[in-house]
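Subject: Structure handover

Hello,

Here is the structure for you to look at.

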Amino acid sequence: MTDFRNNADHYPQRIVCLTEEPTEVLYALGEEHRIVGISGFTVRPPRARKEKPKVSAFTSAKIDEILKLQPDFVIGFSDIQADIARDLIKAGVEVWISNHRSVDGILAYIRRLGAMVGAAEKADAYARKAEQQIARIEAAAAQFTRRPKVYFEEWDEPLITGIQWVAELVRVAGGDDVFPRMSGESLAKHRILADAGEVVRAAPDIILGSWCGKRFRPERVAAREGWEAIPAVRDGELHEIKSPIILQPGPAALFDGLEAMHGIFAEWERKQRG
């Protein structure tokens with residue numbers, strides 16, 4: 001009788017990644033040879049763009065091009081890619097759409113994806129490395145004598161506040177999100193601030209901007225009517241967090257995104273101590 005337990009062939013061999021986070025995870029696990037197509041928005045790791053064909057955006061995909069790659073597994077994210085998933089499923093392709101929105105969800109995603117490609121042990125080690133990073137940053141932030149109030153802006157027209165994993169990482173990094181209730185809304189349309197005056201009244205000490213797909217313009221933020229009264233604007237505490245390291249629910253947010261936020265908060269806290 002054939003023993004299939006150690007047969008690598010029963011794991012996916014030709015994977016198309018419709019978003020960046022599965023690409024980043026698979027490369028980190030040394031399983032990049034399984035990837036045959038990636039998202040055009042992929043920037044991590046940089047060599048993926050050179051090595052893999054780009055066959056999708058976020059809300060659209062080149063279905064015919066994907067099918068030409070003969071994938072045995074396609075990985076996407078959220079209800080926003082439901083139409084892409086439907087078309088591929090109709091064509092007989094196996095599709096996994098993850099829908100995690102929290103730090104715990106990202107960690108579970110790493111472990112689950114690793115198990116799906118026969119790399120459970122490597123995935124668990126990688127997730128534990130992320131957990132150690134989170135614990136290290138959290139311990140450093142616990143030494144702050146004062147925590148900054150933080151407004152995270154995901155988009156500027158209209159104003160959209162940060163999603164759950166972002167708000168959680170703000171807390172880990174040593175800050176307090178000024179709109180914690182809104183972060184629990186998974187859809188961006190439910191995190192729109194109808195009244196920009198809410199930010200003025202929240203009086204954040206730091207404003208973080210990560211406008212997905214375009215450069216953050218702090219001078220435009222500072223010029224908004226009435227915002228000169230905000231401590232962050234008055235003190236020049238407007239900072240960009242590059243979207244690839246914070247707005248993707250993958251490893252980048254847990255490593256580089258968290259590190260970047262903590263650095264900003266730690267510098268602010270140092271200034272408060274004089």
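This is a predicted model: local features need pLDDT of at least 70, side-chain atom pairs count only at pLDDT 80 or more; totals for chains, interfaces and linings use all residues.

Residues are numbered from 1 along each chain as its sequence is written, and side-chain values use heavy atoms, with hydrogens and water left out.

Cores. A nonpolar core here is a set of buried Ala, Val, Leu, Ile, Met, Phe, Trp, Tyr and Cys residues joined through side-chain atoms within 4.5 Å. Buried means under 20% relative accessible area, exposed over 50%, and partly exposed in between (1.4 Å probe, protein chains only). The largest core has 51 residues, and Leu 169, Leu 208, Ile 246, Leu 254, Met 261 and Phe 265 have the most contacts inside it. Helix H12 (residues 251-273) supplies the largest share, 8 residues; helices (H or I, at least four residues) and strands (E, at least two) are DSSP runs, numbered from the N terminus. At least three residues of this core come from each of domain 1 (15-99) and domain 2 (145-273), with bounds from an automatic or database domain assignment. Another core, of 17 residues, lies apart from it and includes Trp 211, Phe 216, Trp 227 and Ile 230.

Strand E6. Of the 8 residues in E6 (residues 149-156), 6 are buried. Two strands pair if DSSP finds at least two bridges between them. E6 runs parallel to E8 (residues 176-177), with 2 bridges, and parallel to E9 (residues 206-209), with 4 bridges. Val 150 stands opposite Asp 177 in E8 and opposite Ile 206 in E9. With E7 (residues 159-161) the pairing is antiparallel, over 3 bridges, and the two strands form a hairpin with 2 residues between them.

Salt bridges. There are 26 of these, each a side-chain nitrogen of Lys or Arg within 4 Å of a carboxyl oxygen of Asp or Glu. Lys 214 and Asp 156 meet at 2.9 Å, N to O. They are 58 residues apart, with Lys 214 in the loop between E9 and helix H10 (218-222) and Asp 156 in E6. Lys 214 is partly exposed because its relative accessible area is 33%, whereas Asp 156 is buried at 10%. Arg 44 and Glu 24 form another bridge, with the closest N and O atoms 3.0 Å apart, and both residues are buried. Arg 111, Asp 124, Arg 128 and Glu 131 are linked in a network.

Regards
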